[in-house]
Amino acid sequence: MGSNAQKSALILCGDYMEDYEVIVPFFMLQSLGLRVDCASPGKRAGDKCFTAIHDYLGFELYTELQAHFFTLNANYEDVTVESYDTLIIPGGRFTELLSADDKVVGMVKRFAETGKPLITSCHSQLMLVAAGLLNGKKCTAFSSLKPIIELAGGTWWEQPGIESVLDITACLKDGNLVSSIGWPGHGEYMRVLLESMGAKISRSLRNSVLVVLADYVEDYEVNVPFRALQSLGCKVDAVCPSKKKGESCVTAIHDDEGAQIRSEKRGHNFVVNANWSDISVDDYDCLVLPGGRSPELLVINEKVVSLIKEFADKGKIIAAIGQGKWLLAAAGALKEKRCASSHGMKAIVKVAGGEVVESEGCVAHGKLVTASGWPALPAFLTELTRALGLSVVF
């Protein structure tokens, strides 16, 4: 991706922050060349924060599940707010703790006074309330914060016409305050964040992307590209051959918890936004194949394998992460191709005629982009957007 970024972002972190709401800006901004510092009061660089999944699982209120462990890369004590171009505060219960910390609240207030974009989502608007920043301001958030925002002197705004999670795109900017209802609106949220930082986005292709998934797709590997590409103006359709538009695929979290291989936990629900029966390869510039265990299901579906072959035969961009390369192997798309791979895919890449590259997390070879797994997502996004002819200039 073309970028001349000389920008930096600070993400205020804490235990049980919402997983998506920290990882999407963290990975995407890095892919654009920004320095992204993540710090939490009482913790040091290298320490981990618990993250949380917030999603509806059939009950009146969202369920919270434990998600990934997030490693901090900065010391909170060393933070100088004036040195950053944006402050991002993810949602989650950690804001309840930090909103009672006068020093942290004071830092948020000082940053607001710089006039640079201050970004909140879901429940982190509580920090704006505590800092006294909402008087006379419009703000959106998760609906339970409506009376709190109004008590703080703010004007509540809510996106009209929401009937399903697919309709949630709400993001509101009032001055330098940017607020979002939560992670389902991350495409719009990240677009507004980039524009608030002065970014100019240009493209040379139609930029229409198809993502193919099934149950137990890897959580980060499907959501991060989906939201990042949306924010850059791409039309992104996510389909599952066995599900209709509006139905959910359960995702899987794969994380390093000290065992010989990564653990697996249930992740967020990912809602497909298109019907398999409506898909035509000619309508898309690019195919994205996330990993997880869903490729083990998709690889035995002849229609899916045929779709991948058609993308390859027509010379379109194909991008695969982690176990997504299982599908490339079945479609014969790895022959004589350099391919980024971790241990889980080495044997499959080799038997499919590909060249395993272990030294790089992401490799582009012609129209093929591969990544070893979700930790390589910043590089994956950089290569994928470059292949799509996208440019972001600050």
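Q: Which helix gives the largest share of the lining of the second largest pocket?
A: The model is predicted, with residues numbered from 1 along each chain as its sequence is written, and side-chain values use heavy atoms, without hydrogens and water. Local features need pLDDT of at least 70, side-chain atom pairs count only at pLDDT 80 or more, and totals for chains, interfaces and linings use all residues. A pocket is an open set of points on a 1 Å grid over the protein atoms alone where a 1.4 Å probe fits, with protein on both sides within 12 Å along at least five of seven lines; lining residues have an atom within 4 Å of a point. For the second largest pocket, the largest share of the lining is 3 residues, from helix α11 (residues 343-351).

Q: What is the volume of the second largest pocket?
A: A volume is the space filled by probe spheres set on the grid points, which are joined across faces, edges and corners. For the second largest pocket this gives about 560 Å³.

Q: Which residues are the closest to the centre of the second largest pocket?
A: Its lining has 5 nonpolar, 10 polar and 6 charged residues; Asp, Glu, Lys and Arg count as charged, Ala, Val, Leu, Ile, Met, Phe, Trp, Tyr, Cys and Pro as nonpolar, and the others, Gly among them, as polar. Of the 21 lining residues, the closest to the centre are His 254, Arg 262, Gln 323, Ser 342 and His 343.

Q: Which element gives the most to the lining of the largest pocket?
A: The largest pocket has a volume of about 740 Å³. Helices (H or I, at least four residues) and strands (E, at least two) are DSSP runs, numbered from the N terminus. With 4 residues, the element that gives the most to this lining is α7.

Q: Which residue in β3 is the bridge partner of Ile 11?
A: Two strands pair if DSSP finds at least two bridges between them. Strand β1 (residues 8-12) pairs with β3 in the parallel sense over 5 bridges. In β3, the partner of Ile 11 is Cys 38.
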